Amino acid sequence: MTPQELKSILSSGLLSFPVTDFDAAGNFNAESYARRLEWLAPYGASALFAAGGTGEFFSLDIHEYPQIIKTAVDTCAGSVPILAGVGGPTRQAIHMAQEAERLGAKGLLILPHYLTEASQEGVAAHVEAICKSVKIGVVVYNRNVCRLTPSLLEQLAERCPNLIGYKDGLGDIELMVSVRRRLGERFTYLGGLPTAEVFAAAYKALGVPVYSSAVFNFIPRTAMEFYKAIAADDQVTVGKIIDDFFLPLLEIRNRRAGYAVSMVKAGAKIVGHDAGPVRAPLTDLLPDEYERLAALIRKLGPQ
């Protein structure tokens with residue numbers, strides 16, 4: 001798949017980030033992960049991102065990373081393209097990127113580097129080095145310590161033909177508009193804020209109609225219903241699902257840092273697709289929070 005072919009796929013349809021399955025001892029569970037992907041693939045997501053933020057990339061061991069990407073690629077071959085998350089130190093990210101390409105991933109998502117502050121030029125050099133280490137398509141994620149400006153993104157687009165996408169996890173509307181207007185159709189644009197459905201209508205109005213859904217992990221039917229309502233400007237359906245599900249969900253998510261991932265794993269367990277516990281430094285939902293989430297899910301009906 002060429003970068004331009006991947007760009008076309010990412011430009012329409014719902015995207016999602018499967019959680020990563022761990023066993024009771026906290027080790028990667030390939031069999032459970034494969035069953036999860038087999039369950040999710042037929043629901044109609046345009047692409048799935050293995051080892052992304054919801055997949056707890058930040059806690060993965062460098063040695064288990066290839067197992068995760070290989071399991072995802074092999075399981076979804078012929079059904080849905082897999083993009084791989086890469087990040088951390090530049091040399092580590094390059095190693096991961098090349099491994100993902102070797103294993104058959106169709107593209108990459110560059111997650112933010114960690115801990116240290118860096119200049120705009122330094123972050124751009126990091127992104128460029130990763131892009132130039134592979135031939136597959138690359139999406140850069142503006143979030144946390146990665147906050148590239150429109151002018152630097154334009155320079156990166158000129159130097160890196162395989163940089164085909166921009167994902168926003170900052171929620172800075174002024175910046176998003178500036179990027180979208182400056183880069184035009186050069187990129188595909190993805191909404192990437194936590195619980196992206198809450199922002200989906202606003203981002204569509206900005207020219208960003210595609211987003212990644214974390215709740216697709218446990219309510220895939222409802223996630224697809226919501227995406228189709230956004231695409232069709234069905235404000236009645238959008239408003240009802242936001243009121244009945246997403247706003248109460250945010251009350252749970254906002255109780256502790258990191259719950260954007262923890263509640264997804266809890267949701268997967270509730271619907272019978274247990275992915276095991278989250279890894280430190282994240283913490284699992286408390287019992288009363290788990291029950292509140294279960295009650296919300298039950299109201300939605302079978303998935």
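What is the handedness of the crossing of H2 and H3? The crossing of H2 and H3 is right-handed; a crossing is left-handed if the near helix is turned anticlockwise from the far one by less than a right angle, and right-handed if clockwise.

The model is predicted, so local features need pLDDT of at least 70 and side-chain atom pairs count only at pLDDT 80 or more, while totals for chains, interfaces and linings use all residues. Residues are numbered from 1 along each chain as its sequence is written, and side-chain values use heavy atoms, with hydrogens and water left out.

## Helix packing

Helices (H or I, at least four residues) and strands (E, at least two) are DSSP runs, numbered from the N terminus. Axes are lines fitted to C-alpha atoms, for helices over the stretch in contact, and angles run from 0 to 180 degrees between N-to-C directions. Angles under 35 degrees count as roughly parallel, over 145 as roughly antiparallel, 65 to 115 as roughly perpendicular and the rest as oblique.

| Pair | Angle | Axis separation |
|---|---|---|
| H2 and H3 | about 40° | 9 Å |
| H5 and H6 | about 25° | 10 Å |
| H11 and H12 | roughly 60° | within 10 Å |

Helix H2 covers residues 30-40. H2 and H3 are oblique to each other. On the H2 side the contact (heavy atoms within 4.5 Å) is made by Ala30, Tyr33, Ala34, Leu37 and Glu38, and on the H3 side by Ile68, Thr71, Ala72, Thr75 and Cys76. These residues divide into seven nonpolar, two polar and one charged. In this scheme Ala, Val, Leu, Ile, Met, Phe, Trp, Tyr, Cys and Pro count as nonpolar, Asp, Glu, Lys and Arg as charged, and the others, Gly among them, as polar.

Helix H5 spans residues 120-132 and helix H6 residues 150-159, with an angle of about 25° between them. That angle makes H5 roughly parallel to H6. H5 passes H6 in a right-handed crossing. H5 contributes Gln120, Glu121, Ala124, Val127, Glu128 and Lys132 to the contact, and H6 contributes Leu152, Leu156 and Arg159. Here the division is four nonpolar, one polar and four charged.

H11 and H12 are oblique to each other, and their crossing is right-handed. Tyr259, Met263, Ala266, Gly267, Lys269 and Ile270 of H11 meet Glu289, Tyr290, Leu293, Ala294 and Ile297 of H12. The contact of H11 with H12 has eight nonpolar residues, one polar and two charged.

Ala294, in helix H12, is buried, with a relative accessible area of 6%. Buried means under 20% relative accessible area, exposed over 50%, and partly exposed in between (1.4 Å probe, protein chains only). Ala294 and Ala47 are 247 residues apart along the chain, and their C-alpha atoms are separated by 27 Å.

## Nonpolar core

A nonpolar core is a set of buried Ala, Val, Leu, Ile, Met, Phe, Trp, Tyr and Cys residues joined through side-chain atoms within 4.5 Å. The largest such core has 104 residues, of which Ile69, Leu108 and Leu148 touch the most other members. Helix H10 (residues 235-253) supplies the largest share of this core, seven residues.

Leaving out residues up to four places away in sequence, Leu148 touches Gln120, Val123, Ala124, Val127, Val140, Asn142, Leu153, Leu156 and Leu175.

His126 belongs to helix H5 and is buried at 6% relative accessible area. Beyond its neighbours within four places in sequence, His126 is in contact with Gly88, Pro89, Thr90, Ala93, Ile110 and His113.

## Loops and backbone geometry

Val145 sits in the loop between strand E5 (137-142) and H6. At 26% relative accessibility, Val145 is partly exposed. Its contacts, not counting residues up to four places away in sequence, are Pro112, His113, Thr116 and Val123.

Asn144 lies in the loop between E5 and H6. Asn144 is not a glycine, yet has a positive phi of about 60°; with 60% relative accessibility, Asn144 counts as exposed.

Glu56 also has a positive phi, near 60°, in a residue other than glycine. Glu56 is in the loop between strand E2 (47-50) and helix H3 (65-76) and is buried, with a relative accessible area of 0%.

Ala280 and Pro281 are joined by a cis peptide bond, with omega about 15°. Pro281 is in the loop between helix H11 (259-270) and helix H12 (287-300).
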